Amino acid sequence: MRAPLVDGFGRVHTDLRLSLTDRCNLRCTYCMPAEGLDWLPTPELLTDDELVRLVGVFASMGVRTVRLTGGEPLLRRGLPGLVARLSELGLRSSLTTNGLGLARQAQALRDAGLNRVNVSLDTLRPERFLELTRRDRFADVVEGLRAAKLAGLDPVKVNTVLMRGVNDDEAADLLAWALEHGYALRFIEQMPLDPQHGWDRATMVPADEILEVLGRHVALTPVEHRGSAPAEEFLVDGGPATVGVVGSVTRPFCASCDRLRLTADGQVRNCLFARDESDLRAPLREGASDDELAERLRVAVAGKKAGHGIGEPGFVQPDRPMSAIGG
Ligand code: SAM
Ligand code: SF4
């Protein structure tokens with residue numbers, strides 16, 4: 001076991017977001033352009049063996065949880081096998097997915113040791129889903145959610161990004177629907193991570209507003225002990241059901257951040273909004289030892305900034321879009 005990954009502000013890093021691919025089978029308007037986004041060439045992607053070796057180095061430095069994401073992680077071939085290998089490293093794993101194909105894979109993923117799943121869904125209206133994702137696949141997401149629950153993944157969370165004039169009229173309906181089906185709903189503020197660089201603060205629906213709207217329909221009681229979790233949780237009508245709000249922009253949680261990211265092409269990012277990356281793939285392929293990789297990782301973490309700086313004068317959006325970083 002190596003020393004933990006502590007940055008210059010004393011934050012200890014125990015959570016890894018692992019992007020398995022930059023490809024996706026949806027084209028959510030706030031995440032990807034309709035066409036014209038180049039995929040990473042396959043030789044640049046980490047193989048399963050490379051990935052497991054690197055995650056082993058992260059684990060030896062105190063990382064305990066790994067969230068598989070993308071792009072769409074279910075598009076990665078042999079995903080259950082990879083999940084099983086990550087479980088063998090002693091890591092708790094979760095998956096962030098758009099839900100397409102989850103119906104087919106949920107049981108195998110559960111059997112391989114996957115602990116939890118977050119399914120992204122921004123609307124309950126099939127026509128609006130088509131507009132928002134540019135694909136007519138609403139029914140597949142609903143089916144995937146049902147299969148995740150049946151497979152015993154617990155909790156099954158639903159992530160929703162609300163946008164003004166697009167789907168902000170559905171907050172209460174989404175909550176009622178999630179409660180009815182036993183899914184834990186979390187609203188996420190829209191962040192400046194789109195490839196078009198078209199993010200606009202006025203379109204984002206801030207956490208305060210989401211809570212105010214929900215509060216007209218249900219009683220919300222804050223749950224204490226947030227720790228490093230990005231979501232602020234609230235009991236709904238006294239519980240036990242909860243709803244979460246991730247106020248990344250208006251209520252940043254950078255001071256307690258314990259997260260690191262590894263992109264599908266082997267670059268460490270110490271923040272979603274970092275403008276620098278640290279390459280682990282090149283040294284790995286050139287024969288670096290685990291100690292050398294660990295040292296690179298330590299330097300990458302040491303350089304983490306205090307906060308994301310959205311809204312501050314010098315803020316510049318990262319070059320990589322969300323789909324290539326791993327949300
Ligand atoms: N394809 C998977 C999915 O949609 O869940 C995993 C990757 S996706 C990038 C992860 C999460 O990021 C999704 O919940 C998505 O809604 C969210 N997301 C994408 N772009 C975003 C943005 N600009 N601001 C906030 N959340 C965003
Ligand atoms: Fe794909 Fe997820 Fe981005 Fe939608 S949010 S385009 S599903 S990566």
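**Note on the ligand shells and helix packing**

1. A backbone N or O atom of T97 lies 3.2 Å from an oxygen atom of ligand 1. That pair falls inside the polar-contact limit (N or O atoms within 3.5 Å; within protein, one must be able to donate a hydrogen and the other to accept it, and residues adjacent in sequence count only if both atoms are side-chain atoms). Y30 brings a polar side-chain atom to 2.9 Å from a ligand 1 oxygen. G71 uses its backbone: one of its polar atoms there sits 3.0 Å from a nitrogen of ligand 1.

2. The protein buries 95% of the 540 Å² that ligand 1 exposes when taken alone (Shrake-Rupley areas, 1.4 Å probe; for residues, only the protein chains shown count as cover). Two elements each give two or more residues to this shell: β3 (92-97) and β5 (156-161). Elements are DSSP runs numbered from the N terminus (helices H or I, at least four residues; strands E, at least two).

3. Basis of the model: it is predicted, so local features need pLDDT of at least 70 and side-chain atom pairs pLDDT 80 or more, while totals for chains, interfaces and linings use all residues. Residues are numbered from 1 along each chain as its sequence is written, chains are lettered from A and ligands numbered from 1 in the order written, and side-chain values use heavy atoms, without hydrogens and water.

4. Which residues come nearest to ligand 1? They are Y30, G71, E72, S120 and M191, out of 17 around it (near: a heavy atom within 4 Å). By class, the ligand 1 shell holds 10 polar, 5 nonpolar and 2 charged residues. Ala, Val, Leu, Ile, Met, Phe, Trp, Tyr, Cys and Pro count as nonpolar, Asp, Glu, Lys and Arg as charged, the others, Gly among them, as polar.

5. Helix α1 (residues 48-60) and helix α2 (residues 79-88) have axes that come within 10 Å and cross at roughly 25° (lines fitted to C-alpha atoms, for helices over the stretch in contact; angles from 0 to 180 degrees between N-to-C directions). α1 and α2 are therefore roughly parallel (under 35 degrees; over 145 is roughly antiparallel, 65 to 115 roughly perpendicular, the rest oblique). Their crossing is right-handed (near helix turned clockwise from the far one by less than a right angle; anticlockwise is left-handed).

6. α2 also packs on helix α3 (residues 102-111), at about 25° with the axes 9 Å apart. That makes α2 roughly parallel to α3. The crossing of α2 and α3 is right-handed.

7. α3 packs in turn with α5. Their axes come within 8 Å and cross at roughly 20°. α3 and α5 are therefore roughly parallel to each other. α3 passes α5 in a right-handed crossing.

8. Backbone points to check. D154 and P155 are joined by a cis peptide bond, with omega about 0°. P155 sits in the loop between α5 (138-150) and β5. The bond from G239 to P240 is cis as well, with omega near 5°. P240 lies in the loop between β8 (232-236) and β9 (242-246).

9. R134 has a positive phi, near 60°, although it is not glycine. Where is R134 found? In the loop between α4 (126-133) and α5.
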